[in-house]
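Reader: I would like to learn how to read a protein model step by step. Could you take me through it slowly?

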Amino acid sequence: MVLKRFIGWNRNAAAWLERRFPKVFGAPSYKAELERRIADDVTRLGPSAILEVGGIDRPLLQRGHGFSYIGLDIEERPHCYTIYDRFIVQSIEHPVNVEADMLISITLMEHVPDNEAAARSMFLVLRPGGVMHHYIPSKWHPYSIALRLVGPVLQKWLIPYIRPAAVGVTGYPAFFDHCSPSDMAKVFRREGFEKVDVMPFYRASDYFAFFLPAYLGVALFENLCSVLNWRVFSSGFVISASKPAA
């Protein structure tokens, strides 16, 4: 198909640019930062229970490492009950009947319609002194704006063409409620969290690799935002917070 060949050429050209100029086009690993924070607190706290929200059958951790690993999602798949020690099917917007020392998520909160309710539920889940770590795509990045304009139906049709590696792991409705670094930090503080720490990430221009001019334009914009520390236009951010010990 002509369209697939055209997109393939653009993606190959974008990949060449990323290999040749990684400081301009390469994307720092938000997942590595998220995993580092989680690992540090597992060592520091020695949690007895960790709740992962939205992990479905692609969890960040593994069971059997000295803590009870609990999964929560609005849907279930066959392996969920073997990946986790316990799996719960519900929205994080509602109270969860568990207690945990740590709560984690990755690319979850942009899909939650009411993140104030989610933050309230997270606060109740955590034991005093508990911590949470999230990676959240930012709502004002060009790709996030495009997602909201396109909608989930057209997005699912386009994904096999423009991002074939993401088939099956994306295409869910995205609301981006409070999903900016400053807004989410305010939400967490209002719900009672302390030690809120935010690290923005830039250079997610790979989302536009299907069309080289768009890829170049977004990469230029992202590098400018990084230099000027315009967090509102970050591609996403890792955010951590703690529940007071008292």
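Author: Let us begin with a word that we shall need at once: a residue is called buried when its relative accessible area is under 20%, exposed when it is over 50%, and partly exposed in between. Please keep in mind that this is a predicted model.

Reader: Which residues of H1 are exposed on the face turned away from its buried side?

Author: That face of H1 carries Lys4, Arg5, Trp9, Asn12 and Arg19, which are exposed, whereas the buried residues of H1 are Ile7, Asn10, Ala13, Ala14 and Leu17. Seen down the axis of H1, the buried residues fall within an arc of 125°, and therefore they line one face of the helix.

Reader: How many Å should the 19 residues of helix H1 span?

Author: At 1.5 Å a residue, helix H1, which covers residues 2–20, should span 27 Å, and this agrees with its end C-alpha atoms, which are 27 Å apart.

Reader: How should I read a strand, and which way do the residues of S7 point?

Author: The general idea is that in a regular strand the side chains alternate between the two faces of the sheet. In S7, Gly236, Val238, Ser240 and Ser242 point one way, while Phe237, Ile239 and Ala241 point the other way, and all are buried. Because seven of the seven residues of strand S7 (residues 236–242) are buried, this strand is largely enclosed by the rest of the structure.

Reader: Which strands pair with S7?

Author: Strand S5 (residues 126–137) is joined to S7 by seven bridges, and the two run antiparallel; within this pairing, methionine 132 has alanine 241 of S7 as its bridge partner. Strand S6 (residues 194–201) also pairs with S7 in the antiparallel sense, over six bridges, and here aspartate 197 has serine 240 of S7 as its bridge partner.

Reader: What is the idea behind a salt bridge, and how many salt bridges does the structure hold?

Author: Side chains of opposite charge can pair when their charged atoms come close. The structure holds 14 salt bridges, and one of them joins aspartate 41 to arginine 44, with the closest N and O atoms 2.9 Å apart. Both residues lie in helix H3 (residues 30–45), three residues apart, which is about one turn of the helix.

Reader: Are aspartate 41 and arginine 44 buried or exposed?

Author: Aspartate 41 is buried, because its relative accessible area is 9%, whereas arginine 44, at 56% relative accessibility, counts as exposed.

Reader: Where do arginine 120 and glutamate 191 lie in the chain?

Author: The side chains of glutamate 191 and arginine 120 meet in a salt bridge, at 3.4 Å from N to O. Glutamate 191 lies in the loop between helix H7 (181–190) and S6, and arginine 120 in helix H5 (residues 115–125), so the pair ties together parts that are 71 residues apart in sequence. Salt bridges can also share partners, and in this way Glu33, Arg36, Arg37, Asp40 and Asp197 are joined into one network.

Reader: Which residues form the nonpolar patch on the surface?

Author: The patch is formed by Trp140, Ile145, Leu149, Val150, Leu224, Val227, Leu228, Trp230 and Val232, which together have about 830 Å² of accessible area. Helix H6 (142–162) and helix H8 (212–228) are the elements that give two or more residues to this patch. Valine 150, for example, lies in helix H6 and is partly exposed, with a relative accessible area of 33%.

Conventions. Residues numbered from 1 in each chain as written. Predicted model: local features only at pLDDT ≥ 70, side-chain atom pairs only at ≥ 80, totals over all residues. Heavy atoms only, no water. Patch = residues over 30% accessible without salt bridge, like charges linked within 9 Å, V, L, I, M, F, W, Y side chains within 5 Å. Areas by Shrake-Rupley, 256 points an atom, 1.4 Å probe, with all protein chains shown as cover. Salt bridge = Lys/Arg side-chain N within 4 Å of Asp/Glu carboxyl O. Helix = DSSP H or I, 4+ residues; strand = E, 2+ residues; numbered from the N terminus. Buried < 20%, exposed > 50% of the residue type's maximum accessible area, 1.4 Å probe, protein only. Expected span 1.5 Å × (residues − 1). Arc of directions from axis to C-beta. Pairing = 2+ DSSP bridges.
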